[in-house]
Amino acid sequence: MQQQNTLPIEIKRIESSKINQVDFENLTFGNVFTDYMLSCDYVDGKWQNPVIEPYGTITISPGARVFHYGQAIFEGMKAYRDEQDDVWLFRPEENFIRFNKSSVRLAIPEVPREVFFEGLQALLNLDKHWCPKGYGNSLYIRPFVFGNQVGVSAAPSSNYKFMILLSPVNAYYKGDVKVLIAENYSRAANGGVGAAKAAGNYGAQFYPTNLAKEKGFDQIIWTDDCSHQYLEEAGTMNVFFRINDTLITAPTSDRILDGVTRKSIIDLAQRDGLAVEVRKITVTELIDAAKNKSLKEIFGAGTAAVISPVSGFGFKEDYFDLPSLEDSFAKRMKKSLLDIQHNKAEDTFNWTYKV
Ligand code: COI
């Protein structure tokens, strides 16, 4: 992450902080924002006028292209507080790289490193005291960019706005989730935007997820768009399967997000001597494993939830319960990750960055 200050950032101060109005014991994911936000505009072919100002509404023309063609991408990253009250970012470089990969796929100009990192550092300097105490709690960081040129011709926008918001959070999902394997709907297609954090990827999940909820499920396990045989992601997360003592996750592709939590789990599991297979896994293999009881666990992995254990899954008319394990890989991996994120365990991978 960038250390030196080369970016002239205008700072407009708040009159008074709203932090005392926040119930930090009962935070629901992403509903509370800190005192400040950062924005920077892309105009006349360059990023300019970075500004930090009080969090609040912004004015956008209804003709802005983001509303018509969905040219918008985002990232999700987190800062954690340790017991000495220091605040740490987790693998911010990965989010920066993916932010710009997503931008390129959506024909959005890349955000320069100094705008992303010096902007984030300046914002955290003002608001890092909002990062909640407590194991598992964090300050969720939401960088995003959208096309805001006015005009509805179907072409890339010439103007963009990059912003960063901060939101103190507790856990994203509460408890174990029931998932339904997708038979018809798809999250992503070959050659599409599934590997990007395009805003539309998430909006397009809502309708099939609502249908699954009507059947009593919390999330969908997305399958490939051609055969619906390959298990790819779970809800907004990457997905892991434990068959006997082997952890299996699908390889990244056009259709699968290169998740930071996903790759951290693979590294941690390998470090701990667990068998990890990054390979395609089919619905048939999963159902056979559930039937012969070799399927021990399924869990989702993403920045927001960190790890989200699955209690059972549905496929067509069948439902398969998963055992509740005392020493689950999900619990073990979550603890290993959170210990590093909260600076309670040695960061042998050099993943954390002190704010
Ligand atoms: C993540 O967990 O990485 C996400 O992107 C979740 C977000 C859509 C809330």
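How far from an oxygen atom of the ligand does a polar side-chain atom of Lys197 lie? The separation is 2.6 Å.

## Basis of the model

This is a predicted model, in which local features need pLDDT of at least 70, side-chain atom pairs count only at pLDDT 80 or more, and totals for chains, interfaces and linings use all residues. Residues are numbered from 1 along each chain as its sequence is written, and side-chain values use heavy atoms, with hydrogens and water left out.

## Ligand site

Nine residues surround the ligand (a heavy atom within 4 Å). The closest are Lys197, Tyr202, Gly302, Thr303 and Ala304. A polar backbone atom of Thr303 is 3.1 Å from a ligand oxygen atom. For Ala304, a backbone N or O atom lies 2.9 Å from an oxygen atom of the ligand.

The protein buries 91% of the 280 Å² that the ligand exposes when taken alone. Accessible areas come from the Shrake-Rupley method with a 1.4 Å probe; for residues, only the protein chains shown count as cover.

## Nonpolar cores

A nonpolar core is a set of buried Ala, Val, Leu, Ile, Met, Phe, Trp, Tyr and Cys residues joined through side-chain atoms within 4.5 Å. Buried means under 20% relative accessible area, exposed over 50%, and partly exposed in between (1.4 Å probe, protein chains only). The largest core has 41 residues. Trp47, Leu89, Phe116, Ile141, Val145, Phe162 and Ile164 touch the most other members. Helices (H or I, at least four residues) and strands (E, at least two) are DSSP runs, numbered from the N terminus. Elements that each supply at least two residues of this core include strand 3 (46–54), helix 2 (92–105), strand 7 (138–147) and strand 8 (160–169). Helix 3 gives the largest share, eight residues.

Ile141 has contacts (heavy atoms within 4.5 Å) beyond four places in sequence. Among them are Met77, Leu89, Leu120 and Ile164. A second, separate core holds 23 residues, including Ile243, Ile281, Val310 and Phe315.

Ser103 lies in helix 2. Its relative accessible area is 0%, so Ser103 is buried. Leaving aside neighbours within four places in sequence, Ser103 is in contact with Ile73, Ile108, Pro109 and Val145.

Helix 6 spans residues 283–291, and its buried residues are Val283, Leu286, Ile287, Ala289 and Ala290. They cover an arc of only 160° around the axis, which puts them on the same side of helix 6. That arc is taken from the directions from the helix axis to the C-beta atoms. An α-helix has 3.6 residues a turn, so residues three or four places apart point the same way.

## Positive phi and an exposed loop

Just after helix 6, Lys293 takes a positive phi of about 70°. Two further residues other than glycine have positive values: Asn49, with phi near 55°, and Lys316, near 50°. Asn49 sits in strand 3 and counts as exposed, at 52% relative accessibility. Lys316 is in the loop between strand 16 (306–315) and strand 17 (318–321).

Ala154 belongs to the loop between strand 7 and strand 8. Ala154 is exposed, with a relative accessible area of 69%. Its C-alpha atom is separated by 38 Å from that of Lys215, 61 residues apart along the chain.

Methods. A polar contact is a pair of N or O atoms within 3.5 Å; within protein, one must be able to donate a hydrogen and the other to accept it, and residues adjacent in sequence count only if both atoms are side-chain atoms.
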